[in-house]
Amino acid sequence: MEIYLDNSATTKPYPEVIEKMVYALSTDYGNPSSLHRKGIEVEKNIKAIRQRIARTLGAKDKEIYFTSGGTESNNAIIRGVAALNKKRKNHIISTNIEHPSVLNTLKDLEEEGYEVTYLKVDKKGKINLEEFKETIRPTTCLVTIMHVNNEVGSIQPIQEIGKYLKTLNDKVYLHVDAVQSYSKINFRPSKYNIDFMSASGHKFHGPKGVGFMYVKENNRLKPILTGGGQEIGVRSGTENTPGIYGLGEAVSIITKDLNSTIEKITKLKNLLKEEIEKNIDDIKINSTDDGVCHILNISFQGIKGEVLLHYLEQKQLYISTGSACSAKKKGSHVLNAMSLTPDEIEGAIRFSLSDLNTEEEILEAVKLVKESVSDLRMIMKRR
């Protein structure tokens, strides 16, 4: 039995998503910018999908822009806001546990003369709100903070951050990387005072290579892609019709009864945590109880996480040691920031669940992890 518990890296597309994409490739293949019937039909369908996504966020359809995914969205927003504010405001606030698409973008901007403050996190992977408030300057143009951390599942106080920014006399924009929270937390950008938001389709059973940005009405971005003026001039390039069709279908399915879906995943994660704690000694739970519903990070003492990953892979259980986007780098910057010891970091494993997982899979996964940890610890003792 194949058990896939690496859903933070990517999810398996729903069958309906694949059907929609095939339909776009075989039937609705017209260019939405074309003036003939085939183009107009595709344009109409893309508009309907834009409206569908907007409804899930309590937003307006003109506030949704299609992109290639989270990395492009993060780049477009951070670079776009920074470029429009450089002369007057060149200070940006973020955290030291962001996704590489944010951290590397900020690194580039620092080389261009921007100033960046990286907020530290505590042992739970959360920032301190008072420290955040103290970092605001007259030259601050943007706060860019992920909603949910992709390695440990910690949830940042985005609503409180947005509420505080709203009290300031001078506008400071709030960008939220919601790649791991869209479809996992039921929230509305307008209620959180979010100005910009990023999301990626392959994190909720949609296709890879497509995502969207939320850009609050009247907010401006300097485009990083120029050309034919698609997406109201914010993101030029012929629309990825198969990807958008698949994205729209995934959104429809995952948000149909979102609260029930979140409840189901939460129960599975709690079962996984409880069974591992009950059956395996010498572990450290790195994810907190108030974290997101689908991520559970655990350190197993005396073994290397990467070795356990490959050991379990042979038994058709798929997990990860952290972010898939930086898996080949040594040491997790997130776990380092949370002050874990080198051994705890080395032995860390991330389990990430989805609504496609079952209780049977969770119980079988615990059995396989228990056997594998025991085997590896015995091997280590012989050396």
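Q: What lies over the face of tyrosine 29?
A: That's lysine 38, at 4.6 Å from the ring centre. The rule for a charge over a ring is NZ of Lys or CZ of Arg within 6 Å of the ring centre and within 35 degrees of the ring normal.

Q: And what kind of model is this, before I go on?
A: A predicted one: local features need pLDDT of at least 70, side-chain atom pairs count only at pLDDT 80 or more, and totals for chains, interfaces and linings use all residues. Numbering runs from 1 along each chain as its sequence is written, and side-chain values use heavy atoms, with hydrogens and water left out.

Q: OK, big picture. How many helices and strands in the chain?
A: 12 helices and 12 strands. Those are DSSP runs numbered from the N terminus (helices: H or I, at least four residues; strands: E, at least two). The radius of gyration is 21 Å, close to the 21 Å from the globule rule for 383 residues, so the chain is as compact as a globular protein of that length. That radius is taken over C-alpha atoms, and the rule is 2.2 Å times the number of residues to the power 0.38.

Q: How much of the chain is buried?
A: 55% of the 383 residues. Buried here is under 20% relative accessible area, exposed is over 50%, and partly exposed is in between (1.4 Å probe, protein chains only).

Q: Switching to the sheet: what's the strand order?
A: β2-β8-β7-β6-β5-β3-β4, an open sheet of 7 strands with mixed pairing. Two strands pair if DSSP finds at least two bridges between them. β2 (64-67) and β4 (115-119) are at the edges with a single partner strand each, so one side of each has no neighbour in the sheet. Twist averages 20° from one strand to the next.

Q: Which way do the neighbours of β7 run, parallel or antiparallel?
A: One of each: β6 pairs with β7 in the parallel sense over 3 bridges, while β8 is antiparallel to β7, with 5 bridges. Aspartate 177 stands opposite serine 198 in β7, and methionine 197 has tyrosine 214 in β8 as its bridge partner.

Q: Are the faces of β7 covered or open?
A: Covered, both of them: Phe196, Ser198 and Ser200 are buried on one side, Met197 and Ala199 on the other. In a regular strand, side chains alternate between the two faces of the sheet.

Q: Which helix runs at about 160° to β7?
A: Helix α3 (residues 70-85), which lies across β2, β3, β5, β6, β7 and β8. Axes are lines fitted to C-alpha atoms, for helices over the stretch in contact (heavy atoms within 4.5 Å). Angles go from 0 to 180 degrees between N-to-C directions. Helix α4 (residues 100-111) lies across β3, β4, β5 and β6, at about 145° to β4.

Q: Back to rings. How many aromatic pairs?
A: 5. Rings of Phe, Tyr and Trp (its six-membered ring) pair with centres within 6.5 Å; planes under 30 degrees apart are stacked, over 60 edge-to-face, the rest tilted. Tyrosine 182 and phenylalanine 204 are edge-to-face, 5.2 Å centre to centre with 65° between the planes.

Q: Where do tyrosine 182 and phenylalanine 204 lie?
A: Tyrosine 182 is in the loop between β6 (173-177) and β7 (196-200), and phenylalanine 204 in the loop between β7 and β8 (211-215), so the pair ties together parts 22 residues apart in sequence. Both residues are buried. Ring pairs also link Tyr182, Phe204 and Phe212 into a cluster.

Q: Why is the pair of phenylalanine 187 and tyrosine 192 tilted?
A: Because the planes are at 35°, with the ring centres 5.7 Å apart.
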